[in-house]
Amino acid sequence: MKNNNLKAILKKKRSLIEKALKKHILKKRGYPPVMRDAIKHALFPAGKRIRPVLTLLTADIFGKKMKDVLPAACAIELMHNYSLVHDDMPSMDNDTYRRGRLSVHSRFGEGAALLAGDALLTEAFFLITFGKRPAEVARVISKACGINGMVGGQAADTLVNYRGYSSKKKKELLKYIHLNKTAALIEASVVCGAIASDADKKSLNSLRRYGRNIGLAFQIVDDIFDMDKNKLTYPVIYGKEYSLKYATKLVEDAKEELKIFGNNAKNLSLLADYIIERKN
Ligand code: GRG
């Protein structure tokens with residue numbers, strides 16, 4: 001990471017998230033140890049924690065206390081991890097490895113992975129109730145993850161046979177997949193930070209557009225890392241060079257949306273750059 005400033009910010013925010021996740025999820029008792037082990041394996045050691053960091057950095061714009069937004073931030077990370085656990089399963093992507101080690105079903109079996117994903121999803125909504133403006137936060141997260149969001153995007157990605165599609169229809173499907181499978185939850189991460197911070201409507205709308213743009217850029221960059229010729233991706237349809245240019249433009253547009261917040265949004269601006277510059 002080029003920017004030491006961002007490195008320090010990420011470290012601080014991630015440490016808050018790790019503590020809160022441990023407190024709310026791992027300290028629960030009275031359920032089968034195999035489930036605890038599977039859930040722990042899904043959540044720790046951490047991934048990049050980009051989504052909850054976005055929620056916390058958004059709250060920083062409004063000078064809000066972290067305890068008001070941490071429940072929403074952690075809930076979003078739980079939803080993200082549930083989607084990864086289920087996505088790795090044999091009936092989906094069938095991945096043996098995740099984050100450099102065995103995926104949850106490879107380590108604990110399919111039943112445990114299915115239940116661990118279900119538990120993460122459900123505990124996310126339990127956690128939301130401890131934060132600010134829980135009903136609105138729950139509405140945003142459930143929409144972003146439901147049929148008009150992540151699940152819809154995943155269904156379009158894995159269940160639709162696009163082979164006979166025209167080039168125009170393929171491009172439309174590709175955009176639909178990316179906006180729903182990936183960008184929706186990233187956008188929700190920012191929007192929930194704003195809602196839990198009592199942001200006004202204008203701020204909320206700017207932040208929503210920021211989140212959507214970096215969300216789309218995030219998936220395009222991910223597709224460039226993982227050039228899968230058999231999948232409908234930006235580099236496959238548009239080529240690598242154009243895809244990178246497009247992702248860069250999306251990040252620039254996202255940063256424009258932050259101008260109304262001046263220096264208060266400088267960390268969100270750095271995070272937008274990180275989306276393009278990251279190495280994994
Ligand atoms: C509902 C089963 C189900 C799936 C939803 C999100 C999703 C669809 C599947 C996950 C697989 C995937 C490739 C999603 C695209 C989003 C993406 C790039 C996920 C990886 O996110 P990172 O890089 O992961 O933030 P870390 O490991 O850092 O947390």
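Helices here are DSSP runs (H or I, at least four residues), as are strands (E, at least two), and they are numbered from the N terminus. A residue is called buried under 20% relative accessible area, exposed over 50%, and partly exposed in between (1.4 Å probe, protein chains only), while contact means heavy atoms within 4.5 Å.

The model is predicted, so local features need a pLDDT of at least 70 and side-chain atom pairs count only at pLDDT 80 or more, whereas totals for chains, interfaces and linings use all residues. Residues are numbered from 1 along each chain as its sequence is written, and side-chain values use heavy atoms, with hydrogens and water left out.

Because 11 of the 12 residues of α3 are buried, this helix is largely enclosed by the rest of the structure; among the buried ones are I50, R51, P52, V53, L54 and I61. The expected span of a helix is 1.5 Å times one less than its number of residues. After α3 comes G63, whose phi is positive, near 65°.

Helix α1, with 23 residues, should span 33 Å, and the 31 Å between its end C-alpha atoms agrees with this. Its buried residues, including L6, L10, K13, E18 and L21, pack against α2 (33-43), α3, α4, α6 (110-128) and α13.

A nonpolar core is a set of buried Ala, Val, Leu, Ile, Met, Phe, Trp, Tyr and Cys residues joined through side-chain atoms within 4.5 Å. The largest such core has 87 residues, and those with the most contacts inside it are L54, I141, Y210 and L271. Leaving aside neighbours within four places in sequence, L271 is in contact with L6, L10, V53, L54, L57 and Y210.

The ligand is surrounded by 18 residues, of which K48, R51, H80, D87 and R99 are the closest; a residue counts as near when one of its heavy atoms lies within 4 Å.

| Residue | Distance to a ligand oxygen atom |
|---|---|
| K48 | 2.6 Å |
| R51 | 2.7 Å |
| H80 | 2.8 Å |

The protein covers 90% of the 710 Å² of accessible area that the ligand has on its own, as computed by the Shrake-Rupley method with a 1.4 Å probe.

In helix α4, E77 is buried, with a relative accessible area of 0%, and touches L21, R49, P52 and R99, not counting residues up to four places away in sequence. By contrast, N148, in the loop between α7 (134-145) and α8 (150-159), counts as exposed at 55% relative accessibility.

Most residues other than glycine have a negative phi, and most peptide bonds are trans. R133, in the loop between α6 and α7, is not a glycine, yet has a positive phi of about 50°. In the loop between α9 and α10, D198 also has a positive phi, near 55°. A cis peptide bond joins F44 and P45, with omega about -5°, and P45 lies in the loop between α2 and α3.

Note on methods: A polar contact is a pair of N or O atoms within 3.5 Å; within protein, one must be able to donate a hydrogen and the other to accept it, and residues adjacent in sequence count only if both atoms are side-chain atoms.
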